Amino acid sequence: MNHTSSHLFRFRITHGSMGFGEKYIQELLGKCGTLDVADCVATVDELIRLGQSEPGKQVVQGGSHGGFLAAHLIGQHPDVFSAAVLRNPVISAGELCASDINDWAFREFGLPIASPNLYAASPIAHVDRVKAPVLLLLGEDDLRVPPTQGRGYYHVLKGRGRVVEMLVFPKETHPIDGVEAARVSFEAGRDWFRAFTQAN
């Protein structure tokens, strides 16, 4: 937990992370987008219960699978988060065939290849409920999560009249870790959260 500029940052170890061992990781298989979402919402509820936060004053940020989780959170719990920053997020698991890990979705969701349930297990299934302003950060040369995932989400949100912006970083891959790109993406996320939390 870190305090910066009167903001509280809470990092949650969810099912699927390595913090509590292999059993904790294995429990998530077949439950992505449900069990991990419940973990995060329980953390928000606990912070509110402890008086460390207030309802509707949370922001969420994540990259890759964390972006997938953040997109699920703003779709499944639209009144909880004030803003979101998603870096190279997985939005529609069934469309990851261009990835360099094209079996990821099937393993993570515990589904047979070509399962129709991939759509339902993806954040795109909840896009109509998204209220939080979304900033997308995309590496133009990402081979892990093709930029089409984020671009598609941008257009779907924009088409529904949501507040959404997208920054695409040329020659950046999945981590967006070039010195200038890392600085710009960090500052853009910080400014995005400030813009949508100052008025609250």
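## A parallel sheet and its helices

Strand S5 (residues 134-139) and S6 run parallel, joined by six bridges. The model described here is predicted. Across this pairing, leucine 137 stands opposite leucine 167 in S6.

S5 and S6 belong to an open sheet of four strands. Their order is S3-S4-S5-S6, and the pairing is parallel. Strand S3 (58-63) and strand S6 (164-169) stand at the edges. Each has a single partner strand, so one side of each lacks a neighbour in the sheet. From one strand to the next, the twist averages 10°. In general, strands of a sheet pair through backbone hydrogen bonds, either parallel or antiparallel.

| Helix | Strands touched | Direction |
|---|---|---|
| H3 | S3, S4 (81-87), S5 | about 145° with S3 |
| H7 | S3, S4, S5, S6 | about 165° with S4 |

**Helix H7.** What span should the 19 residues of helix H7 have? At 1.5 Å a residue, H7 (residues 179-197) should span 27 Å. Its end C-alpha atoms are 27 Å apart, which agrees.

Which residues of H7 are buried? They are Ala181, Ser185, Ala188, Gly189, Trp192, Phe193 and Thr197. Seen down the axis of H7, these buried residues fall within an arc of 145°, so they line one face of the helix. The face of H7 turned away from the buried side carries the exposed residues Val179 and Phe186.

**Helix H3 and glutamine 76.** Glutamine 76 is found in helix H3 (residues 65-76). Where does the side chain of glutamine 76 reach? It reaches the backbone oxygen of glycine 33, at 2.7 Å.

**Helix H5 and asparagine 117.** Asparagine 117 has its place in helix H5 (residues 117-120). Its relative accessibility is 43%, so asparagine 117 counts as partly exposed. Alanine 93 lies 24 residues from asparagine 117 along the chain. The C-alpha atoms of asparagine 117 and alanine 93 are separated by 9.7 Å.

Definitions and conventions: Residues are numbered from 1 along each chain as its sequence is written. This is a predicted model: local features need pLDDT of at least 70, side-chain atom pairs count only at pLDDT 80 or more; totals for chains, interfaces and linings use all residues. Side-chain values use heavy atoms; hydrogens and water are left out. Helices (H or I, at least four residues) and strands (E, at least two) are DSSP runs, numbered from the N terminus. The expected span of a helix is 1.5 Å times one less than its number of residues. Buried means under 20% relative accessible area, exposed over 50%, partly exposed in between (1.4 Å probe, protein chains only). The arc is that of the directions from the helix axis to the C-beta atoms. A polar contact is a pair of N or O atoms within 3.5 Å; within protein, one must be able to donate a hydrogen and the other to accept it, and residues adjacent in sequence count only if both atoms are side-chain atoms. Two strands pair if DSSP finds at least two bridges between them. Axes are lines fitted to C-alpha atoms, for helices over the stretch in contact, and angles run from 0 to 180 degrees between N-to-C directions. Contact means heavy atoms within 4.5 Å.
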